[in-house]
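Colleague: I've got a model open and I'd like to learn how to read it. Can you walk me through a few features?

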Amino acid sequence: MNSPKPTAKSPDALLGYLPGMRAVFADCHVGRRPGDEGPFLDALTVAADRGAKAISLLGDIFHFFIAHPKFETVAIRRFLDAVDRLSARDVPVTYVEGNRDFFLRRSYVEHHFREVCDQETFEAGGRRFLLTHGDLLNEADLPYRFWRALSKNPLARASLHVIPKAAGNRLVWKTEARLYRSNFKHKTRLPVEMIREFAERRFAQGVDTVLLGHFHKSWVEDAGRGRIEILPAFVDEHRWMEVAEDGSTSLVSLPA
Ligand SMILES: [Mn+2]
């Protein structure tokens, strides 16, 4: 017997219920070289062709995504066009912000997406999924937390209107270079305790599976009350995740 489908007013609708398979992409880091968006844009089409009914982007899709017309690159424009084509195929795209995504909410790009958020939740096969990029789990990474607070505040957003494009890009790239050592130091070892503590708090709230990106390392752990999965970085492996209608997960490779 089929279980009853949630209605528009059920809690499942609030959780983002959509029937069918979903595709999840993390850490594509597009924009390091001109034209390097190709494989990612191809993969979006492949995901839809494979039957994805919704696509979630789990942060750091670009090496930097500054959502202001002055900072739009050819790659960002091609990406937004691809998202529009997916929407036209009834494949909505949700953008979960990463640490390299700036000011997407309330920006000129927001309307392309089903939602721009820090955490997405949905249900598949009776399992509750929570998706978040993962950069704020490591509370020991103080230089990074300072940068994130500084770079995402309203003053920084307002300064986009006055800062010349070249100066803005220089600032971002120089800051990234300075922070590289700090980030690298904290990423050489997966902060598993931090990840488990974060997941446990969500399991206590009824979440069954926590999906993370950011760490550029595919990792799965079945904890007592739920499952934690870290997605591989698309930029490294050209792989993404499919969440089937029954709640099972698998990784898919972009055909060579
Ligand atoms: Mn990241």
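Colleague: Let's begin with strand pairing. How many bridges join β8 to strand β9, and do they run parallel or antiparallel?

Modeller: Keep in mind that this is a predicted model. When you look at a pair of strands, check the direction of each and then find which residues face each other. Here β8 and β9 (residues 209–212) run parallel, joined by four bridges. As a landmark, F129 stands opposite T209 in β9.

Colleague: Which way does β7 run relative to β8?

Modeller: Strand β7 (residues 119–124) is antiparallel to β8, with six bridges joining them. To line them up, find E120, whose bridge partner in β8 is L131. The two strands make a hairpin with two residues between them, and G125 in that turn has a positive phi of about 60°.

Colleague: Why is β8 described as largely enclosed by the rest of the structure?

Modeller: Count its buried residues. Strand β8 spans residues 127–132, and five of those six are buried, so the rest of the structure largely encloses the strand.

Colleague: What about the two faces of a strand? Which residues of β4 lie on each side?

Modeller: The general idea is that side chains in a regular strand alternate between the two faces of the sheet. In β4 (residues 93–96), V93 and Y95 sit on one side, T94 and V96 on the other, and all four are buried, leaving both faces covered. For its neighbours, strand β2 (residues 54–57) runs parallel to β4 through three bridges, and I55 stands opposite V93. Three bridges also join β4 to β6, again in parallel, with V116 of β6 as the bridge partner of Y95.

Colleague: Now the core. Which residues touch the most other members of the largest one?

Modeller: In soluble globular proteins, nonpolar side chains tend to be buried together. The largest nonpolar core here has 56 residues, and V24, F25, I55, L57, L58, L211 and W240 touch the most other members. Helix α3 (residues 74–88) supplies the largest share of this core, five residues.

How values were computed: Residues are numbered from 1 along each chain as its sequence is written. This is a predicted model: local features need pLDDT of at least 70, side-chain atom pairs count only at pLDDT 80 or more; totals for chains, interfaces and linings use all residues. A residue is buried if 20 or more other C-beta atoms lie within 10 Å of its own, exposed if 12 or fewer, and partly exposed in between; C-beta atoms are placed from the backbone. Two strands pair if DSSP finds at least two bridges between them. A nonpolar core is a set of buried Ala, Val, Leu, Ile, Met, Phe, Trp, Tyr and Cys residues joined through C-beta atoms within 7 Å.
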